[in-house]
Each structure stands twice: as structure tokens, then as C-alpha cells.
Amino acid sequence: MRKLSTLAPAWWDYTTLDDAILKDAARLRAKDLIQLSRPRFKVTIYDTVEEFYAAEALEYIQVWRQATADNPVGVCGPIGPTEQLPLVAQMVIAFGMNLKNCHFWGMDEWVENGVSVSREHPLSFARCDYEKCFNRMHKALRIPDANVHFPTGDLAAYSRTYDDVPCLLMQGGQGETKHWAFNDPVKRSGRFKDAPPTPAEYRRFAARLVDLHPVTIMQNARTSGGGNVTLVPTRAATVGPAETWKCKTVSIWHPGHHDNPFGMRLSALMISKRIPDSAVPMSLLADHPDVRFNYLRSGIGDVAVDMH
């Protein structure tokens, strides 16, 4: 039987992996990350904050420019990072882009009392997307509300939109549980008591309501709520791997403040070496046909003892 988690024994997570994988990840230097690139997995390191977020914003523009009335296309985007969102709005205005044929998918939203939170909630992801991006565009250029899809209400209907319109790009960040969106490791219970879902089982998960790993709750309190953990819901609605594999490209952005230096190395190593394990959900992207990992050099850090 695999190890118990040292973080939350009732859950699966990366601490249940074989120690050899963890030690290999810890040994990686920043320059080693580039060498993890392989066909279908590209690693890029940006030297400045400006280059990093401009490149992330440009991914939206590059996709939306391909949209036509006969062939609408779209982007699925994260909250975390968010710094790219105002830049996206600025670029749309500067280029005079009319987004009427474009689509956008939000990848997740908080859930309270069994339903997704409204935009009135201070941590609402939809609220953040509109405040930091869409509401900053001229109304004549803005994506029609009918073309903006969030995982709220009927999640089966949300899932079907990925069949209706091509999602050419899914952007994401990486959380401390090595998730994208809220695809956290699962609880260690029921049929997953002794082993986590196989990669094939986990990949079948579609948009759904999920219980959040305790580490994810703490991380979001740290990054979005000033540490006020009581503000963070314990459940969420999330896009799933089933929808992710319908997206042409998955692009993950690592500024260095969502996950830590060790975690940013571990997921890259497992994808590069094709070691998918659902205790590290991001590692399942090892089997996706086009994955990009993007790092801010100053955020990569070191896996070293540094007492504070």
C-alpha cells in the first residue's frame, strides 16, 4: 500500500509518491527545466515580469484573432494568474479587435450550499474575469455574454459547449496540490482508499462539483484572501480532464507565487518523463498532445534550506 499523505492523511497528494521521484524533482536546477522539453511538451522561461505576462496575454489574442462568423473559437482561462487579464483588455482595445465571434470559458467557480457563488461573492472568479478584463473593453468590442461560459448551474450544458465551439487554448496555473483548475487529488476513501484513480479513470472526470483538498483551501486563502481561510469555500465547480482533452493546447503559467519551487519542478519532471499519477493531477498532462509550461525566471527559486 502507498504511503499516507504527510499533508492530509485522508487525501491523496504528491507526498504519497515514491521517494525517488520526489528526490529527482528536488535536484532539478532552473537550467534543467528547459531540458525537460520534448515533443508535445515545451518549457519556456521568461526573464522579466513584463515579458511573462505580456506573453500570457498574447495567447488570448492569438486565438481570438482566428475566430470568424463561420468558425468561432475560444480560450479557457484561469483565475491565478490574473495579472494577464488587464493586459488582454488593453490589447483588444489597442488592436481594435471585435470579439463577437470569440468565446471564453472560465475554468472554475466556488460553490456554497450546493450552488456556484454569484458575482457578488468577493472571491468569485467570474467577477474577477469581468472586473479585470471584460468590463475594461469597449462594449462594441466585448465578447457577447452568450459566448462566455462558466461552470455554474447545469454543468453538463457547460461541458457540451466544448463540443459546440473549438477551444484552441486552455490556460492555467498550478496550485500547491499540483492541480489545474480545481482538479485536486481525490479523498482516500471508498474505492480509492488504497490507491488513487488510475490516469485513465481520472481523465474521464468531466465538469463537476468537487471537495477541495485542505492544501488548496489554505493556498487560496494565502494568494487571494490575505490568509483569511474562513473566507474560502471548501467546494467548487471545475472543468475536468474530459473537457481539457478537447482543447488543442494546454498552457500552464508559473509566476512563482501559486506553487512553490519544488512543486513547479515536480510536475514538469513527471510530464517530461511521462509519469502520470493522479495524486499529482498536473502530471496527467503527460498524455496530452500539446502542453506548454511557462516560467518566470525570478519565480523559479531553489529547492534548498533557507531558514526564515
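**Helix α1**

I took helices (H or I, at least four residues) and strands (E, at least two) as DSSP runs, numbered from the N terminus. At the start of α1, I found a side-chain oxygen of D18 within 2.8 Å of the backbone nitrogen of A20.

**Basis of the entries**

I note that this is a predicted model, in which local features need pLDDT of at least 70 and side-chain atom pairs count only at pLDDT 80 or more, while totals for chains, interfaces and linings use all residues. Residues are numbered from 1 along each chain as its sequence is written, and side-chain values use heavy atoms, with hydrogens and water left out.

**The whole protein**

I recorded 11 helices and 11 strands for the protein, and a C-alpha trace that spans about 55 × 45 × 35 Å along its principal axes. The radius of gyration is 19 Å, which agrees with the value near 19 Å for a compact globule with 308 residues; the radius is taken over C-alpha atoms, and the globule rule is 2.2 Å times the number of residues to the power 0.38. Of the 308 residues, 56% count as buried. Among contacts between residues at least 6 apart in sequence, I noted that 79% join residues at least 24 apart.

**Aromatic pairs**

I found 19 aromatic pairs in the structure, counting rings of Phe, Tyr and Trp (its six-membered ring) whose centres lie within 6.5 Å, with planes under 30 degrees apart as stacked, over 60 as edge-to-face and the rest as tilted. The pair of F52 and W253 is edge-to-face, because the ring centres are 5.1 Å apart and the planes stand at 75°. This pair links distant parts of the chain, with F52 in helix α3 (residues 49-64) and W253 in strand β10 (residues 249-254), 201 residues apart. Both F52 and W253 are buried. I also looked up F293 and Y295, an edge-to-face pair with 6.2 Å from centre to centre and 65° between the planes; F293 counts as buried at 0% relative accessibility, and Y295 is buried with a relative accessible area of 1%. Elsewhere, I noted that ring pairs link Y60, W64, F104, Y130, F134 and F150 into a cluster.

**E243**

Is E243 buried or exposed? I found E243 in helix α9 (residues 241-244), and at 0% relative accessibility E243 counts as buried. Leaving aside neighbours within four places in sequence, I listed S159, Y162, A206 and A207 as in contact with E243. The C-alpha atoms of E243 and Y158 are 9.7 Å apart in space, while the two residues are 85 residues apart in sequence. Finally, I noted that the side chain of E243 reaches the backbone nitrogen of G240 at 2.7 Å.

How values were computed:
Polar contact = N/O pair within 3.5 Å; in protein donor to acceptor, adjacent residues only side chain to side chain. Buried < 20%, exposed > 50% of the residue type's maximum accessible area, 1.4 Å probe, protein only. Contact = heavy atoms within 4.5 Å.
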